[in-house]
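Me: I would like to go through some of the labels used for this structure and ask what stands behind each one.

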Amino acid sequence: MSDSEDDSQDDSALPSREECESRCQKFAEVTGTDTALAMFYLQDVEWNVDTALNKFYEAHSEQETANLKRKIKSDEEDVEYCKQSRKEEIDPEPHRIRLMSWNIDGLDDVAVQRRTKAVCDTINKENPHAVFLQEVTSVTQAILESGCPTYQIIPGGKEEYYTCMLVKVGMVEVIHHQTLPFPNTLMLRNLLLAQCKIKGEDFVLMTSHLESTKDHSKERVAQLQKAFRVMQKSSKSCTVIFGGDLNLRDKEVAGIGGPPPGIKDVWEMTGQRPEAAFTWDMSRNDNKTFPGKFKPKLRFDRLYIRGAESPVIEPVYLELVGLERAPKCGKYPSDHWGLLSHYNIISKVKKLVSKVK
(Lines give C-alpha, C1' and ligand atoms only; values in the text may rest on other atoms or scores of the structure.)
Protein backbone atom coordinates (compact mmCIF):
# COMPACT_ATOMS: atom_id res chain seq x y z
CA MET A 1 0.00 0.00 0.00
CA SER A 2 1.38 3.46 -0.90
CA ASP A 3 1.88 6.41 1.46
CA SER A 4 -0.87 8.30 -0.32
CA GLU A 5 -3.27 5.48 0.36
CA ASP A 6 -2.33 5.52 4.09
CA ASP A 7 -2.93 9.29 4.26
CA SER A 8 -6.22 8.90 2.48
CA GLN A 9 -7.33 6.22 4.98
CA ASP A 10 -6.27 8.36 8.06
CA ASP A 11 -8.02 11.45 6.71
CA SER A 12 -11.18 9.51 6.05
CA ALA A 13 -11.22 8.41 9.74
CA LEU A 14 -11.31 12.05 10.94
CA PRO A 15 -14.64 13.71 11.73
CA SER A 16 -15.68 16.57 9.51
CA ARG A 17 -14.50 20.08 10.27
CA GLU A 18 -17.91 20.99 11.63
CA GLU A 19 -17.90 17.89 13.85
CA CYS A 20 -14.42 18.70 15.15
CA GLU A 21 -15.54 22.21 16.07
CA SER A 22 -18.65 20.79 17.74
CA ARG A 23 -16.58 18.36 19.82
CA CYS A 24 -14.14 21.11 20.81
CA GLN A 25 -17.07 23.24 21.93
CA LYS A 26 -18.55 20.37 23.95
CA PHE A 27 -15.19 19.65 25.64
CA ALA A 28 -14.74 23.32 26.51
CA GLU A 29 -18.24 23.58 27.99
CA VAL A 30 -17.86 20.45 30.12
CA THR A 31 -14.40 21.34 31.45
CA GLY A 32 -14.89 25.10 31.70
CA THR A 33 -11.82 25.67 29.52
CA ASP A 34 -11.52 26.85 25.90
CA THR A 35 -11.56 25.30 22.43
CA ALA A 36 -7.79 25.59 21.99
CA LEU A 37 -7.18 23.33 24.99
CA ALA A 38 -10.00 21.06 23.77
CA MET A 39 -8.27 20.63 20.40
CA PHE A 40 -5.01 19.74 22.20
CA TYR A 41 -6.66 16.85 24.06
CA LEU A 42 -8.97 15.69 21.23
CA GLN A 43 -6.29 15.50 18.53
CA ASP A 44 -4.27 13.19 20.75
CA VAL A 45 -7.11 10.64 21.10
CA GLU A 46 -8.54 10.70 17.58
CA TRP A 47 -11.28 13.13 18.55
CA ASN A 48 -12.94 10.82 21.05
CA VAL A 49 -14.62 13.20 23.51
CA ASP A 50 -14.99 10.72 26.38
CA THR A 51 -11.35 9.65 26.20
CA ALA A 52 -10.20 13.28 26.01
CA LEU A 53 -12.30 14.19 29.04
CA ASN A 54 -10.88 11.27 31.04
CA LYS A 55 -7.31 12.32 30.22
CA PHE A 56 -8.09 15.94 31.11
CA TYR A 57 -9.54 15.06 34.52
CA GLU A 58 -6.74 12.63 35.29
CA ALA A 59 -4.18 15.35 34.62
CA HIS A 60 -6.29 17.93 36.43
CA SER A 61 -6.65 15.70 39.48
CA GLU A 62 -2.89 15.14 39.63
CA GLN A 63 -2.33 18.89 39.41
CA GLU A 64 -4.91 19.58 42.12
CA THR A 65 -3.28 17.01 44.39
CA ALA A 66 0.12 18.57 43.80
CA ASN A 67 -1.29 22.04 44.48
CA LEU A 68 -3.01 20.81 47.64
CA LYS A 69 0.19 19.24 48.90
CA ARG A 70 2.05 22.49 48.24
CA LYS A 71 -0.67 24.46 50.07
CA ILE A 72 -0.61 22.12 53.07
CA LYS A 73 3.16 22.38 53.23
CA SER A 74 2.95 26.17 52.94
CA ASP A 75 0.29 26.36 55.68
CA GLU A 76 2.38 24.14 57.96
CA GLU A 77 5.38 26.35 57.34
CA ASP A 78 3.30 29.45 58.11
CA VAL A 79 2.05 27.96 61.39
CA GLU A 80 5.57 26.95 62.38
CA TYR A 81 6.84 30.41 61.50
CA CYS A 82 4.16 32.02 63.68
CA LYS A 83 5.02 29.72 66.57
CA GLN A 84 8.71 30.45 66.18
CA SER A 85 8.08 34.19 65.85
CA ARG A 86 6.03 34.16 69.03
CA LYS A 87 8.82 32.35 70.87
CA GLU A 88 11.40 34.76 69.52
CA GLU A 89 9.27 37.89 69.92
CA ILE A 90 11.39 40.61 71.43
CA ASP A 91 9.86 42.03 74.58
CA PRO A 92 10.67 45.76 74.65
CA GLU A 93 10.10 45.81 78.41
CA PRO A 94 11.25 42.48 79.84
CA HIS A 95 11.06 43.89 83.37
CA ARG A 96 7.48 45.21 83.09
CA ILE A 97 4.00 43.69 83.54
CA ARG A 98 0.83 45.62 82.69
CA LEU A 99 -2.70 44.92 83.89
CA MET A 100 -5.89 46.74 82.88
CA SER A 101 -9.27 46.84 84.60
CA TRP A 102 -12.43 48.32 83.08
CA ASN A 103 -16.20 48.28 83.45
CA ILE A 104 -17.17 48.47 79.76
CA ASP A 105 -20.88 49.18 80.32
CA GLY A 106 -22.14 46.43 78.06
CA LEU A 107 -25.65 46.75 79.47
CA ASP A 108 -26.11 50.11 77.74
CA ASP A 109 -27.34 49.43 74.21
CA VAL A 110 -26.51 52.95 72.99
CA ALA A 111 -23.69 52.64 70.43
CA VAL A 112 -22.61 49.43 72.15
CA GLN A 113 -20.82 48.02 69.09
CA ARG A 114 -18.80 51.16 68.38
CA ARG A 115 -18.04 51.62 72.07
CA THR A 116 -16.88 48.04 72.51
CA LYS A 117 -14.72 48.26 69.39
CA ALA A 118 -13.12 51.33 70.97
CA VAL A 119 -12.45 49.20 74.07
CA CYS A 120 -10.75 46.63 71.81
CA ASP A 121 -8.67 49.37 70.18
CA THR A 122 -7.53 50.59 73.59
CA ILE A 123 -6.61 47.08 74.74
CA ASN A 124 -4.66 46.40 71.54
CA LYS A 125 -2.90 49.74 71.74
CA GLU A 126 -1.87 49.43 75.40
CA ASN A 127 -1.11 45.72 75.03
CA PRO A 128 -1.55 44.70 78.70
CA HIS A 129 -0.68 41.18 79.77
CA ALA A 130 -4.04 40.76 81.51
CA VAL A 131 -7.35 42.60 81.47
CA PHE A 132 -10.20 42.57 84.01
CA LEU A 133 -13.55 43.46 82.44
CA GLN A 134 -16.93 43.99 84.07
CA GLU A 135 -20.44 44.31 82.61
CA VAL A 136 -19.63 42.05 79.67
CA THR A 137 -22.58 40.58 77.74
CA SER A 138 -22.82 37.89 75.06
CA VAL A 139 -22.97 40.68 72.46
CA THR A 140 -19.87 42.49 73.71
CA GLN A 141 -17.97 39.24 74.30
CA ALA A 142 -18.38 38.39 70.61
CA ILE A 143 -16.94 41.80 69.68
CA LEU A 144 -14.05 41.28 72.11
CA GLU A 145 -13.29 37.87 70.61
CA SER A 146 -13.05 39.27 67.09
CA GLY A 147 -11.44 42.57 68.09
CA CYS A 148 -8.77 41.17 70.44
CA PRO A 149 -7.54 38.04 68.63
CA THR A 150 -4.25 37.88 70.56
CA TYR A 151 -6.06 37.38 73.87
CA GLN A 152 -7.62 34.34 75.50
CA ILE A 153 -11.00 35.24 77.01
CA ILE A 154 -12.07 33.70 80.31
CA PRO A 155 -15.73 34.49 81.06
CA GLY A 156 -16.94 34.60 84.64
CA GLY A 157 -20.53 33.61 83.88
CA LYS A 158 -23.29 33.14 81.32
CA GLU A 159 -25.93 35.42 82.80
CA GLU A 160 -27.31 38.66 81.43
CA TYR A 161 -23.98 40.28 82.24
CA TYR A 162 -20.76 39.06 83.85
CA THR A 163 -17.04 39.62 84.30
CA CYS A 164 -14.27 38.43 81.98
CA MET A 165 -10.51 38.13 82.04
CA LEU A 166 -8.42 38.56 78.93
CA VAL A 167 -4.89 37.17 79.01
CA LYS A 168 -2.25 37.66 76.37
CA VAL A 169 -1.64 34.52 74.31
CA GLY A 170 2.01 33.50 74.34
CA MET A 171 2.79 35.74 77.31
CA VAL A 172 0.44 34.39 79.98
CA GLU A 173 0.08 30.69 80.80
CA VAL A 174 -3.25 29.94 82.47
CA ILE A 175 -2.97 27.00 84.85
CA HIS A 176 -6.45 27.05 86.39
CA HIS A 177 -9.47 29.30 86.61
CA GLN A 178 -12.74 29.23 88.53
CA THR A 179 -15.59 31.37 89.84
CA LEU A 180 -16.59 31.65 93.48
CA PRO A 181 -20.18 32.63 94.29
CA PHE A 182 -21.41 35.46 96.45
CA PRO A 183 -24.36 33.62 98.05
CA ASN A 184 -26.33 36.73 99.01
CA THR A 185 -25.94 38.76 95.83
CA LEU A 186 -29.07 40.21 94.28
CA MET A 187 -27.19 41.30 91.15
CA LEU A 188 -25.58 38.13 89.71
CA ARG A 189 -22.17 39.01 91.17
CA ASN A 190 -19.30 36.55 91.81
CA LEU A 191 -15.52 36.33 92.03
CA LEU A 192 -13.49 35.17 89.01
CA LEU A 193 -10.00 33.78 89.68
CA ALA A 194 -7.18 32.62 87.43
CA GLN A 195 -3.94 31.02 88.50
CA CYS A 196 -1.30 31.76 85.89
CA LYS A 197 2.28 32.52 85.01
CA ILE A 198 3.32 35.85 83.50
CA LYS A 199 6.88 36.07 82.26
CA GLY A 200 7.65 33.02 84.37
CA GLU A 201 6.30 34.51 87.60
CA ASP A 202 3.39 32.97 89.57
CA PHE A 203 0.18 34.96 89.90
CA VAL A 204 -3.38 34.63 91.13
CA LEU A 205 -5.54 37.16 89.30
CA MET A 206 -9.00 38.00 90.69
CA THR A 207 -11.75 40.25 89.42
CA SER A 208 -15.27 41.08 90.48
CA HIS A 209 -18.10 43.55 90.05
CA LEU A 210 -19.21 44.13 93.63
CA GLU A 211 -22.81 44.90 94.52
CA SER A 212 -23.94 48.30 93.20
CA THR A 213 -25.60 51.40 94.69
CA LYS A 214 -25.57 53.01 98.09
CA ASP A 215 -28.45 50.87 99.36
CA HIS A 216 -26.43 47.65 99.01
CA SER A 217 -23.40 48.76 100.99
CA LYS A 218 -23.63 45.92 103.54
CA GLU A 219 -23.56 43.19 100.88
CA ARG A 220 -20.83 44.99 98.94
CA VAL A 221 -18.57 45.12 102.02
CA ALA A 222 -19.24 41.44 102.72
CA GLN A 223 -18.19 40.61 99.14
CA LEU A 224 -15.04 42.71 99.52
CA GLN A 225 -14.12 40.92 102.72
CA LYS A 226 -14.59 37.53 101.05
CA ALA A 227 -12.26 38.63 98.23
CA PHE A 228 -9.69 39.77 100.79
CA ARG A 229 -9.89 36.36 102.53
CA VAL A 230 -9.27 34.58 99.24
CA MET A 231 -6.24 36.82 98.65
CA GLN A 232 -4.87 36.02 102.10
CA LYS A 233 -5.38 32.27 101.68
CA SER A 234 -3.72 32.11 98.26
CA SER A 235 -0.31 30.45 97.99
CA LYS A 236 2.46 32.56 99.48
CA SER A 237 4.58 31.81 96.42
CA CYS A 238 2.12 33.74 94.23
CA THR A 239 1.53 37.43 93.73
CA VAL A 240 -2.20 38.11 94.03
CA ILE A 241 -3.90 41.02 92.25
CA PHE A 242 -7.58 41.71 92.79
CA GLY A 243 -9.59 44.45 91.16
CA GLY A 244 -12.53 45.59 89.12
CA ASP A 245 -15.56 47.80 89.48
CA LEU A 246 -15.79 47.43 93.25
CA ASN A 247 -18.31 50.27 93.71
CA LEU A 248 -16.49 51.17 96.92
CA ARG A 249 -16.82 54.33 98.97
CA ASP A 250 -13.79 55.29 101.07
CA LYS A 251 -15.82 55.14 104.26
CA GLU A 252 -16.75 51.50 103.55
CA VAL A 253 -13.09 50.47 103.38
CA ALA A 254 -12.29 52.56 106.46
CA GLY A 255 -15.22 50.95 108.25
CA ILE A 256 -13.54 47.53 108.15
CA GLY A 257 -10.19 48.94 109.24
CA GLY A 258 -8.79 49.17 105.71
CA PRO A 259 -7.35 46.24 103.77
CA PRO A 260 -5.98 43.35 105.86
CA PRO A 261 -2.24 43.22 106.61
CA GLY A 262 -0.22 42.45 103.49
CA ILE A 263 -2.90 43.69 101.07
CA LYS A 264 -2.36 47.14 99.61
CA ASP A 265 -4.21 49.59 97.36
CA VAL A 266 -2.29 50.01 94.08
CA TRP A 267 -3.46 53.63 93.68
CA GLU A 268 -2.03 54.46 97.10
CA MET A 269 1.21 52.59 96.36
CA THR A 270 1.77 54.57 93.15
CA GLY A 271 1.51 58.03 94.71
CA GLN A 272 -2.24 58.61 95.00
CA ARG A 273 -2.24 60.77 91.89
CA PRO A 274 -5.51 62.77 91.76
CA GLU A 275 -5.67 62.45 87.96
CA ALA A 276 -5.85 58.64 88.31
CA ALA A 277 -8.36 58.55 91.15
CA PHE A 278 -11.92 58.99 89.92
CA THR A 279 -12.95 56.29 87.49
CA TRP A 280 -16.65 57.22 87.57
CA ASP A 281 -16.57 60.96 86.97
CA MET A 282 -19.76 62.55 85.73
CA SER A 283 -18.12 65.96 85.62
CA ARG A 284 -16.01 64.69 82.69
CA ASN A 285 -17.84 61.66 81.30
CA ASP A 286 -21.28 62.47 79.88
CA ASN A 287 -22.32 58.97 78.73
CA LYS A 288 -24.85 59.02 81.55
CA THR A 289 -26.92 61.97 82.74
CA PHE A 290 -27.29 63.08 86.36
CA PRO A 291 -29.98 65.58 87.38
CA GLY A 292 -28.96 68.89 88.90
CA LYS A 293 -25.73 70.84 88.90
CA PHE A 294 -23.85 68.46 91.19
CA LYS A 295 -21.91 65.86 89.22
CA PRO A 296 -20.55 62.98 91.33
CA LYS A 297 -17.10 61.50 90.90
CA LEU A 298 -16.02 58.40 92.77
CA ARG A 299 -13.14 55.92 92.88
CA PHE A 300 -15.34 52.92 92.14
CA ASP A 301 -12.68 50.95 90.25
CA ARG A 302 -9.75 49.78 92.36
CA LEU A 303 -6.84 47.34 92.34
CA TYR A 304 -5.38 45.57 95.36
CA ILE A 305 -2.16 43.57 95.56
CA ARG A 306 -0.81 40.98 97.97
CA GLY A 307 2.81 40.26 97.27
CA ALA A 308 4.46 36.86 97.30
CA GLU A 309 6.39 35.86 100.42
CA SER A 310 9.54 36.80 98.53
CA PRO A 311 8.29 39.91 96.66
CA VAL A 312 8.34 39.44 92.90
CA ILE A 313 6.82 42.67 91.55
CA GLU A 314 6.16 46.22 92.68
CA PRO A 315 3.55 48.65 91.33
CA VAL A 316 5.18 51.68 89.74
CA TYR A 317 2.44 53.56 87.88
CA LEU A 318 -1.34 53.79 87.55
CA GLU A 319 -3.21 55.69 84.86
CA LEU A 320 -6.68 56.09 83.39
CA VAL A 321 -7.63 54.88 79.89
CA GLY A 322 -10.69 55.33 77.69
CA LEU A 323 -10.57 59.12 77.92
CA GLU A 324 -11.25 59.69 74.22
CA ARG A 325 -14.65 59.39 72.58
CA ALA A 326 -15.30 56.39 70.38
CA PRO A 327 -15.20 57.21 66.64
CA LYS A 328 -18.44 58.14 64.88
CA CYS A 329 -20.74 57.90 67.90
CA GLY A 330 -19.95 60.83 70.19
CA LYS A 331 -19.78 58.52 73.24
CA TYR A 332 -16.89 57.47 75.44
CA PRO A 333 -16.16 53.71 75.34
CA SER A 334 -17.81 53.42 78.75
CA ASP A 335 -19.29 55.53 81.53
CA HIS A 336 -16.27 54.36 83.56
CA TRP A 337 -12.65 55.21 82.83
CA GLY A 338 -10.42 52.15 82.77
CA LEU A 339 -7.38 51.58 84.95
CA LEU A 340 -4.00 50.62 83.50
CA SER A 341 -1.44 49.53 86.09
CA HIS A 342 2.28 48.99 85.54
CA TYR A 343 4.50 46.71 87.64
CA ASN A 344 8.23 46.09 87.69
CA ILE A 345 9.60 42.57 88.05
CA ILE A 346 12.10 43.23 90.82
CA SER A 347 14.73 40.66 89.79
CA LYS A 348 14.76 41.85 86.17
CA VAL A 349 15.05 45.49 87.18
CA LYS A 350 18.10 44.60 89.26
CA LYS A 351 19.64 42.88 86.22
CA LEU A 352 19.00 45.95 84.08
CA VAL A 353 20.58 48.21 86.70
CA SER A 354 23.64 45.95 86.99
CA LYS A 355 24.10 46.00 83.21
CA VAL A 356 24.00 49.81 83.19
CA LYS A 357 26.63 49.93 85.91
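Me: Is the crossing of H5 and H6 right-handed or left-handed?
Reply: The model is a predicted one. In it, H5 and H6 cross in a right-handed way. A crossing gets that name if the near helix is turned clockwise from the far one by less than a right angle.

Me: Why are H5 and H6 called oblique to each other?
Reply: The axes of helix H5 (residues 112-126) and helix H6 (residues 138-147) cross at roughly 40°. Roughly parallel is kept for angles under 35 degrees, and roughly perpendicular for 65 to 115. H5 and H6 are therefore oblique.

Me: How do you know that H5 and H6 meet?
Reply: Their axes come within 9 Å, and contact means heavy atoms within 4.5 Å. On the H5 side, Val112, Gln113, Thr116, Lys117, Val119, Cys120 and Asn124 take part, meeting Thr140, Ile143, Leu144 and Gly147 of H6. By class, this contact has five nonpolar, five polar and one charged residues.

Me: What makes H2 and H3 roughly perpendicular?
Reply: Helix H2 (residues 17-31) and helix H3 (residues 35-43) pack at an angle of about 110°, with axes 8 Å apart. The range for roughly perpendicular is 65 to 115 degrees, so the label applies to H2 and H3.

Me: Which residues of H2 and H3 meet?
Reply: Arg23, Cys24, Gln25, Phe27 and Ala28 of H2 meet Thr35, Leu37, Ala38, Met39, Tyr41 and Leu42 of H3. Eight of the residues in this contact are nonpolar, two polar and one charged.

Me: What lines the largest cavity?
Reply: Its lining consists of Glu135, Gly156, Glu159, Tyr161, Tyr162, Thr163, Leu188, Arg189, Asn190 and His209. By class these are three nonpolar, four polar and three charged. Tyr counts as nonpolar and Gly as polar in this scheme.

Me: Which element gives the most to the lining of the second largest cavity?
Reply: Strand S12 (301-306) does, with three residues. Helix H9 (266-269) also supplies at least two. Among the lining residues are Val266, Trp267, Asp301, Arg302 and Leu303.

Me: How do the lining residues of the second largest cavity divide by class?
Reply: Seven are nonpolar, none polar and four charged. Asp and Arg count as charged, and Asp265, Arg299, Asp301 and Arg302 are in this lining.

How values were computed:
Residues numbered from 1 in each chain as written. Predicted model: local features only at pLDDT ≥ 70, side-chain atom pairs only at ≥ 80, totals over all residues. Heavy atoms only, no water. Axes fitted to C-alpha atoms, helices over the stretch in contact; angles between N-to-C directions. Helix = DSSP H or I, 4+ residues; strand = E, 2+ residues; numbered from the N terminus. Parallel < 35°, antiparallel > 145°, perpendicular 65-115°, else oblique. 1 Å grid on protein atoms, 1.4 Å probe; cavity = no way out; pocket = protein on both sides within 12 Å on 5 of 7 lines; lining within 4 Å.
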